[in-house]
Amino acid sequence: MLVNILIGTVAFALLAPIVGCLLAGLDRKLSARMQGRVGPPILQPYYDVRKLLGKENAHVANTEGVYIVCALVMAIFAGGIFFGGGNLLMSAFVITLSALFFIVAAYCTRSPYAELGAHRETLQVMAYEPMVLLFAVAFYMAAGSFNAGAVFGLEVPAIAKIWLAFIGLLFILTIKLRKSPFDLSMSHHAHQELVRGVTTEMSGPTLAKVEIMHWYENVLFMGWVGLFFVWGNPISLVLAVVVCLAVYFLEIFIDNNFARVKWQSMLKWSWVVALICGGINIFALALL
């Protein structure tokens, strides 16, 4: 298992940025089309990151860059655990640790805008984390193991038993991808805000690392979605990819058609959805 995780981590570290960059470019292109614009080329996120990496490495606080590097490393490690067939619950914990490093990086700048963004990012973690944990528990009850690789031993996809948990995951996925109406801490699009929340004081290579981290996160979260549709049949991998693309398109559509809500609404509805979808699904599996 350890060897598989090491291989998965290396493969994820090398391939996920490519996929994540293309997803980010597709996001910007489709968003522009939905707004009646031509939009940038698909590879624009790559051009942006390359330009940022060529800028001066300046920090508002010396520790800011260290925390961002830690957040990036944890995101890579979380993806390596998952795509290496490792423990899904551990992957969820590690990606949350990455989010915490990201939050601390914003707090250490002592900027009022960055601190407000960090505060909202913390609220987002509080909103989606219960559903993430319930999703992992529901997967364990359906697959008989927390290991993501257990899906290849299933006779039917996990969605057949934990479709309610899937709906709950889709709801909080909007928060994790930082899409409207739940992009409270920051937005990937300029039309949402004049000051960019949690990354206000980040620039140059540091901001480039943040963007690359988001690419890793997006690929990992799409992997969680695909997990519901994989079973012993190799063709199921194609089905999982198609579903992931459909879900990503849905998230882009939601992002461009809903206004940002208050943090109270986000927190309330995230916990309500977690209780209804995750709680009922787990309770039903416990009775079977």
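User: Where in the structure is Thr-9 placed?

Analyst: Thr-9 sits in helix α1, where a helix is a DSSP run of H or I with at least four residues, numbered from the N terminus. The model is a predicted one, in which local features need pLDDT of at least 70 and side-chain atom pairs count only at pLDDT 80 or more, whereas totals for chains, interfaces and linings use all residues. Residues are numbered from 1 along each chain as its sequence is written, and side-chain values use heavy atoms, with hydrogens and water left out.

User: Why does Thr-9 count as buried, and which residues does it touch?

Analyst: Buried means under 20% relative accessible area, exposed over 50% and partly exposed in between, with a 1.4 Å probe and protein chains only. Thr-9 has a relative accessible area of 18%, and is therefore buried. Leaving aside residues up to four places away in sequence, Thr-9 touches Ile-76, Phe-77, Gly-80 and Ile-81, contact being heavy atoms within 4.5 Å.

User: What makes Arg-110 buried or exposed, and what is its phi?

Analyst: Arg-110 has 63% relative accessibility, so it counts as exposed. The residue lies in the loop between α4 (88-107) and α5, and its phi is positive, about 65°, although it is not a glycine.

User: How do you know whether Arg-178 is buried or exposed?

Analyst: The relative accessibility of Arg-178 is 5%, so this residue counts as buried. Arg-178 is found in the loop between α6 and α7, and its phi, near 60°, is a positive value in a residue other than glycine.

User: What makes α1 oblique to α8?

Analyst: Axes are lines fitted to C-alpha atoms over the stretch in contact, and angles run from 0 to 180 degrees between N-to-C directions. Angles under 35 degrees count as roughly parallel, over 145 as roughly antiparallel, 65 to 115 as roughly perpendicular and the rest as oblique. The axes of α1 (residues 2-34) and α8 (residues 236-255) come within 10 Å and cross at roughly 45°. That angle makes α1 oblique to α8.

User: Why is α5 called roughly parallel to α9?

Analyst: Helices α5 (residues 112-143) and α9 (residues 263-287) pack at an angle of about 10°, with their axes 9 Å apart. That is why α5 is roughly parallel to α9. By class, their contact has 19 nonpolar, 4 polar and no charged residues, where Ala, Val, Leu, Ile, Met, Phe, Trp, Tyr, Cys and Pro count as nonpolar, Asp, Glu, Lys and Arg as charged, and the others, Gly among them, as polar.

User: How do you know that α6 and α7 are roughly antiparallel to each other?

Analyst: The axes of α6 (residues 163-176) and α7 (residues 204-227) come within 11 Å and cross at roughly 170°. The two helices are therefore roughly antiparallel. Phe-166, Leu-169, Leu-173 and Lys-176 of α6 make the contact with Phe-221, Met-222, Trp-224 and Val-225 of α7, and by class it has 7 nonpolar, no polar and 1 charged residues.

User: Which members of the largest nonpolar core touch the most other members?

Analyst: Of its 87 residues, these are Phe-102, Ile-162, Met-222 and Trp-224, a nonpolar core being a set of buried Ala, Val, Leu, Ile, Met, Phe, Trp, Tyr and Cys residues joined through side-chain atoms within 4.5 Å. Not counting residues up to four places away in sequence, Ile-162 touches Ala-138, Phe-139, Ala-142, Phe-228, Asn-281 and Leu-285.
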